[in-house]
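Keep the structure in view as you go.

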Amino acid sequence: MDDYRNRNMNMKHKQLKALVIGTTSWDTIIDIENFPKKAGTYFASARRDVLGGTASGKAINLHRLGFNVTLLTKLANDDAGRKIRASLESEGINYQYIEDETSTERHTNLINKNGERISIYTDYGKFGQDFDIIAYEKSIEEADIILLDICEFVKHLFPILKKHKYKIWVDIHDFDGINPWHQEFLPFANAVFMSSDVLETEEKVKEVVRTILRDKQFVVCTHGKKGAEYFSPDGKEIFQDIVEQFSPVDSNGAGDAFVSGYLYGAKNGFPAEICMKYATLVSGFTIASPFLYNKDLSVENLEQMYQQYFC
């Protein structure tokens with residue numbers, strides 16, 4: 001283990017207040033050998049109903065890594081909403097929610113033998129629903145760090161969030177560089193996480209990253225099985241490969257886990273090189289689980305994995 005990391009691990013760290021704003025969902029997961037290639041009848045090897053949503057994954061991972069987490073999301077007073085609340089409470093997550101007037105978000109996900117996923121949104125909730133944004137201003141002001149997802153209700157909070165850009169990280173997922181939906185969120189971020197899923201070449205990745213970096217602290221782009229890259233405005237680039245020892249079960253939640261692992265490293269004062277290592281460990285640990293997070297994740301287990309794979 002390097003001396004820099006040893007010194008920082010011996011420091012007494014404050015329990016950061018992390019506010020996660022974004023979607024939660026109730027998901028039906030269907031395991032199938034291979035994705036269907038044509039119409040027909042197929043047999044699943046298993047199915048399960050589980051907590052989903054990008055904000056849920058970040059909130060639970062961060063909670064398990066020692067953060068003081070509050071989750072702000074949108075739920076209806078329906079069966080799926082009640083199951084989500086019960087799941088969050090069982091994990092000890094402090095949450096606030098805007099009551100959706102129509103339905104809680106639901107997904108049906110197909111997972112093949114390689115852990116790859118096809119997501120089908122079956123219930124979306126109500127778009128354009130007004131709510132009292134002032135009710136959430138205190139949580140936004142008191143947070144040390146805010147993680148935003150690109151969902152519709154978040155846009156209603158922009159008038160408050162614009163005052164707090166310095167502490168906001170945005171996860172824009174598969175941004176192609178021109179999608180106006182993604183672009184609406186970029187002005188509110190100090191740091192950005194994204195994936196290269198829709199970017200066909202390395203040159204295109206760097207072109208899109210350059211346009212984002214102009215007023216950001218950093219950008220991280222994940223490449224699935226091909227690792228991840230960190231970029232800073234001063235031209236620094238860091239590549240981090242995956243840890244291949246993790247056997248994929250379900251890729252759902254991998255990106256959210258990556259963000260959580262990076263923030264764990266940043267909270268402890270580590271440089272980007274080490275933060276990227278923590279990020280890839282938490283992500284890999286998550287895809288080795290059938291859930292949105294790995295139920296064995298803890299600070300102790302993460303540090304043991306770091307020593308095993310990187311020291």
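A residue counts as buried under 20% relative accessible area, as exposed over 50%, and as partly exposed in between. This is a predicted model.

Q: Is Asp-256 buried or exposed?
A: Asp-256 is found in helix H8. Its relative accessibility is 6%. The cut-off for burial is under 20%, so Asp-256 counts as buried.

Q: Which residues does Asp-256 touch, leaving out those up to four places away in sequence?
A: Asp-256 sits in H8. Residues up to four places away in sequence are not counted here. The contacts of Asp-256 are then Gly-53, Thr-54, Gly-57, Lys-58, Asp-171 and His-173.

Q: Is His-173 buried, partly exposed or exposed?
A: His-173 lies in the loop between strand S9 (168-171) and helix H6 (180-183). Its relative accessible area is 25%. The range between 20% and 50% has its own name, so His-173 is partly exposed.

Q: What is the phi of His-173?
A: Most residues other than glycine have a negative phi. His-173 is not a glycine, yet its phi is positive. The value is about 55°.

Q: Where do the buried residues of H3 lie around its axis?
A: The buried residues of H3 are Ala-80, Gly-81, Ile-84, Arg-85, Ser-87 and Leu-88. They cover an arc of only 160° around the axis, so they lie on the same side of H3.

Q: Which residues are exposed on the other side of H3?
A: The buried residues of H3 have cover that includes strands S2 (25-31), S3 (46-52), S4 (68-75), S5 (94-99) and S6 (106-111). On the other side, the exposed residues are Glu-89 and Ser-90.

Q: What length does H3 reach from its first C-alpha to its last?
A: Helix H3 (residues 79-90) has twelve residues. At 1.5 Å a residue, 16 Å is expected. The helix comes close to that, reaching 17 Å.

Q: At roughly what angle do the axes of H8 and H9 cross?
A: Two packed helices are described by the angle between their axes and the distance between the axes. For H8 (residues 254-267) and H9 (residues 272-287), the axes come within 7 Å. H8 passes H9 in a right-handed crossing. The angle is roughly 145°.

Q: How many charged residues does the contact of H8 with H9 have?
A: Among the residues in contact are Phe-258 and Tyr-262 of H8, and Met-276 and Val-282 of H9. By class, the contact has 13 nonpolar and five polar residues. The number of charged residues is given by one word: no charged residues.

Note on methods: Residues numbered from 1 in each chain as written. Predicted model: local features only at pLDDT ≥ 70, side-chain atom pairs only at ≥ 80, totals over all residues. Heavy atoms only, no water. Axes fitted to C-alpha atoms, helices over the stretch in contact; angles between N-to-C directions. Helix = DSSP H or I, 4+ residues; strand = E, 2+ residues; numbered from the N terminus. Left-handed = near helix turned anticlockwise from the far one by under 90°. Contact = heavy atoms within 4.5 Å. Nonpolar A, V, L, I, M, F, W, Y, C, P; charged D, E, K, R; others polar. Buried < 20%, exposed > 50% of the residue type's maximum accessible area, 1.4 Å probe, protein only. Expected span 1.5 Å × (residues − 1). Arc of directions from axis to C-beta.
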